[in-house]
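Take a moment with the fold before turning to single residues.

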Amino acid sequence: ALIALLEHNNNPTDYTMDDYENLNWVRVQKKTFTRWCNTYLLEKREKIEDLTTGLGDGKALIALLEQISSKTVAPVYNKNPKIRVQKIENVNFSLEFLKNEGIKLVGVGGGDIVDGNLKLILGLIWTIILRYQIQVAEGNSARQELLEWVRSQIPQYNINNFAGDWASGRAICALGEAIHPGQMNLPHDFTNDAVANAHMGMTKAEENMNIPMILDAEDMANAPDELANMTYISYYRDYWQSMMEKMAWPEACSFLSFTAHVQAATRNGNIKTTGGDNFFASVTGPAGDVPAQVLDVGNGTYNVSYQLPGSGQYAVSVKIQGKDIRGSPFQQIIQ
């Protein structure tokens with residue numbers, strides 16, 4: 001899986017470097033992988049503009065690996081490399097680090113990255129994504145594992161790949177809605193414009209789940225690439241896993257107590273500390289209604305307390321003047 005090119009039925013000898021960079025899937029991977037790198041480099045106050053040249057001095061690659069692995073790549077390296085040998089030495093520190101992490105690298109050396117060999121750079125970044133972003137287990141198929149998870153979330157879409165099955169933009173909306181309900185009104189919000197659908201789903205995911213928009217909606221709809229799509233969609237699984245970890249609780253518990261906090265505000269979003277109408281709350285679950293108590297704290301906030309009797313999916317509805325407040329009902333999954 002080192003060379004991303006191998007995911008496509010192309011022979012690299014058929015293309016000049018300029019032709020290669022103009023291939024749609026190369027363009028999409030390059031743009032997506034660059035943005036993916038920058039989501040981590042931001043924490044190191046680094047940024048690359050062009051994946052072909054941005055890793056050439058080795059500094060950004062070291063910063064990326066240290067941020068994503070939480071380990072030291074090289075205690076000492078060239079902070080201001082001027083000559084080729086210094087740049088190659090920096091890159092080789094990263095390649096050696098990856099080998100020590102158990103990642104197999106075939107046919108790539110420090111000179112390839114310094115020289116801007118895009119074919120090998122795409123393969124190197126994809127290998128890093130597989131290990132640290134998608135986190136595939138040894139001997140398993142990253143594609144199959146992620147695909148099975150997607151199918152478990154939106155079985156009605158019968159997703160069989162990470163390319164054409166996402167081109168309508170509807171699947172990415174449905175996936176976001178499945179793991180964070182209430183963002184959209186589906187299928188009512190769908191249009192016949194695939195780019196608009198994809199943009200809606202991606203925008204909601206960025207706003208509500210903090211999923212970075214490393215992939216363009218136009219590329220998902222018009223030039224879907226499996227590796228770029230997998231990289232982006234893996235963020236949805238990360239979000240889902242984090243929510244499951246937060247919501248999990250010991251099986252020995254027969255009841256689990258929760259308190260939701262409601263802040264009163266005007267239509268314009270200004271906080272209110274006095275006055276206004278009362279809030280009403282209700283909780284429903286697999287076995288029906290769950291008793292909920294609303295306590296007016298007296299400073300414009302309300303506490304909604306309730307006990308859940310078992311695992312399952314629960315909906316917490318908060319209303320004022322008989323109408324749900326924004327985001328209500330709120331979904332809660334207990335395992």
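How many helices and strands does the protein chain have? There are 12 helices and eight strands. Both are DSSP runs, numbered from the N terminus: helices are H or I with at least four residues, strands are E with at least two. This is a predicted model, in which local features need pLDDT of at least 70, side-chain atom pairs count only at pLDDT 80 or more, and totals for chains, interfaces and linings use all residues. Residues are numbered from 1 along each chain as its sequence is written, and side-chain values use heavy atoms, with hydrogens and water left out.

Start with the whole chain. Of its 335 residues, 45% are buried. Buried means under 20% relative accessible area, exposed over 50%, and partly exposed in between (1.4 Å probe, protein chains only).

Now look inside. In soluble globular proteins, nonpolar side chains tend to be buried together. A nonpolar core is a set of buried Ala, Val, Leu, Ile, Met, Phe, Trp, Tyr and Cys residues joined through side-chain atoms within 4.5 Å. The largest one here has 78 residues. Trp36, Ile125, Trp166, Tyr232 and Tyr236 touch the most other members. Helix α7 (residues 118-133) gives the most to this core, with 11 residues. Apart from this core lies another, of five residues, among them Val283, Val290, Val316 and Val318.

Leaving out residues up to four places away in sequence, Ile125 touches Phe33, Trp36, Cys37, Leu51, Leu55 and Leu64.

Stay on helix α7 for Tyr132. Tyr132 counts as buried because its relative accessibility is 12%. Beyond four places in sequence, Tyr132 is in contact with residues including Leu65, Ile68, Phe97 and Glu101. With Glu101 there is also a side-chain to side-chain polar contact, at 2.8 Å. Such a contact is a pair of N or O atoms within 3.5 Å; within protein, one must be able to donate a hydrogen and the other to accept it, and residues adjacent in sequence count only if both atoms are side-chain atoms.

Finish with helix α2 (residues 24-41). This helix is mostly covered, with 13 of its 18 residues buried. Asn38 lies in α2. Why does Asn38 count as buried? Because its relative accessibility is 16%. Not counting residues up to four places away in sequence, Asn38 touches Lys47 and Ile48.

Conventions
Contact = heavy atoms within 4.5 Å.
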